[in-house]
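Work through the exercises below with the sequence and the 3D view at hand. Each task is followed by a solution in steps.

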Amino acid sequence: MLGLGLVSLVAAAWFGCPYFGGTGYYADAIVTAPVDPNSRAYVQAAVDAGNRDGFWIAPRPVEYVNVANDRTPPHRVRQRVAYHRFPFSIPWRRDFWIEPLSDAHAIVLQRQACTVYELYDAAFAGDTVAAYSGARWRLDRPFEPLAPGNPSAMASGLSLYAGIARWEEVARGEVDHALNWAAPAGTVSQWHFVRPASDTDGLAYKGSSGYQLPYGARLRLRASFDTSRFGPQSAAIARAMKTYGIYLADTARTNELYNAMSDGYNKCDAGDLAALESIHLTDFDVLALGPILRVPGR
């Protein structure tokens, strides 16, 4: 159940597919959503555990949205581990892009079915797709959380696709959905999450506070944060942080946001985007968390 103050707006379609039904967890604005009564304690605990950097987004995206159609052949996904199964086939071509970094993310959007497929630790060799974990979602429906204990292409079980800043959006100056955020490893909860998350990466918390920010927490950049000196691209992302917020979706070396290309053309301005480094966790409010859950068996 979404909290009070969420306003449904229609997010722009991409490749003719709606954005998770245009409503729900990622698509709803949260400008009036209530702040958690322990917001300051959660933020301070993360800072004390080492989260002191500004926010960052890659000047050149490493994520890429591969676009499939009805002629793209389906492939069963070979499990890298027995405990992460793939009850679906993924449309795949030999020239599809896999992120060249250690996470090896792969994103495929099937246009006719308006379905997005996401993989973590993906590989393609010998006509076989393999991955550690992954998930799929219908884009004509509101975002549906995975069952507790299940990751997606991200440790939290959230959708990588749902929370990326697409350069088509940044270029037009309007990112109309929530963003995914990866916090520095060890600064957030080891095993706790709130919906719509379903899992964690289990990295040990480096702090000592009982207020450990759970995966799936949604934060909102304060409306008073001054972006008057931001360029058009960083300002578009900051407005999304104020209007739709950011989800704690994974961990990284710094406070990292996700972006992606779909046409191979990089529209970003590294100098403009560097302004995001002036935004720190202390500039956010943690929105009302709801029930805090623990990864099953942990």
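**Exercise 1: Strand E8 and its partners**

Within strand E8, leucine 119 is the bridge partner of alanine 106. The model is predicted, so local features need pLDDT of at least 70 and side-chain atom pairs count only at pLDDT 80 or more, while totals for chains, interfaces and linings use all residues. Residues are numbered from 1 along each chain as its sequence is written, and side-chain values use heavy atoms, with hydrogens and water left out.

Task: Find which strands pair with E8, and in which sense.

Solution. 
- Step 1. Helices (H or I, at least four residues) and strands (E, at least two) are DSSP runs, numbered from the N terminus. Two strands pair if DSSP finds at least two bridges between them.
- Step 2. Strand E7 (residues 106–110) pairs with E8 over five bridges, in the antiparallel sense.
- Step 3. E7 and E8 make up a hairpin, with four residues between them.
- Step 4. Buried means under 20% relative accessible area, exposed over 50%, and partly exposed in between (1.4 Å probe, protein chains only). Five of the six residues of strand E8 (residues 115–120) are buried, so the strand is largely enclosed by the rest of the structure. Cysteine 114 is buried too, with a relative accessible area of 11%.

**Exercise 2: An open sheet**

Task: Name the strands that stand at the edges of the open four-stranded sheet.

Solution. 
- Step 1. The order of the four strands is E6-E5-E10-E9, and the pairing is mixed.
- Step 2. The edges are strand E6 (89–91) and strand E9 (123–125); each has a single partner strand, so one side of each is left without a neighbour in the sheet.
- Step 3. On average, neighbouring strands of this sheet are turned by 40 degrees against each other, direction ignored. Axes for such angles are lines fitted to C-alpha atoms, for helices over the stretch in contact, and angles run from 0 to 180 degrees between N-to-C directions.
- Step 4. Strand E5 (residues 74–79) and strand E10 (residues 128–131) run parallel, joined by three bridges. Arginine 78 is opposite alanine 130 in E10.

**Exercise 3: An aromatic pair**

Task: Describe how the rings of phenylalanine 20 and phenylalanine 143 are arranged.

Solution. 
- Step 1. Rings of Phe, Tyr and Trp (its six-membered ring) pair if their centres lie within 6.5 Å; planes under 30 degrees apart count as stacked, over 60 as edge-to-face and the rest as tilted. The whole structure holds 18 aromatic pairs.
- Step 2. For phenylalanine 20 and phenylalanine 143, the centres are 5.6 Å apart and the planes make an angle of 75 degrees, which is edge-to-face.
- Step 3. Phenylalanine 20 is in the loop between strand E1 (7–8) and strand E2 (28–29), and phenylalanine 143 in the loop between strand E11 (133–138) and strand E12 (165–166), so the pair ties together parts that are 123 residues apart in sequence.
- Step 4. Phenylalanine 20 is buried at 1% relative accessibility, and phenylalanine 143 is buried at 4%.
- Step 5. Both belong to a cluster linked by ring pairs: Tyr19, Phe20, Tyr25, Tyr26, Trp137, Phe143, Tyr161 and Tyr247.

**Exercise 4: Glutamate 63**

Task: Is glutamate 63 buried or exposed, and which side chain makes a polar contact with that of glutamate 63?

Solution. 
- Step 1. Glutamate 63 is in strand E4 (residues 63–68).
- Step 2. With 5% relative accessibility, glutamate 63 counts as buried.
- Step 3. Contact means heavy atoms within 4.5 Å. Not counting residues up to four places away in sequence, glutamate 63 touches several residues, including Trp97, His105, Leu160 and Tyr258.
- Step 4. A polar contact is a pair of N or O atoms within 3.5 Å; within protein, one must be able to donate a hydrogen and the other to accept it, and residues adjacent in sequence count only if both atoms are side-chain atoms. The side chains of glutamate 63 and histidine 105 make one of 2.8 Å.
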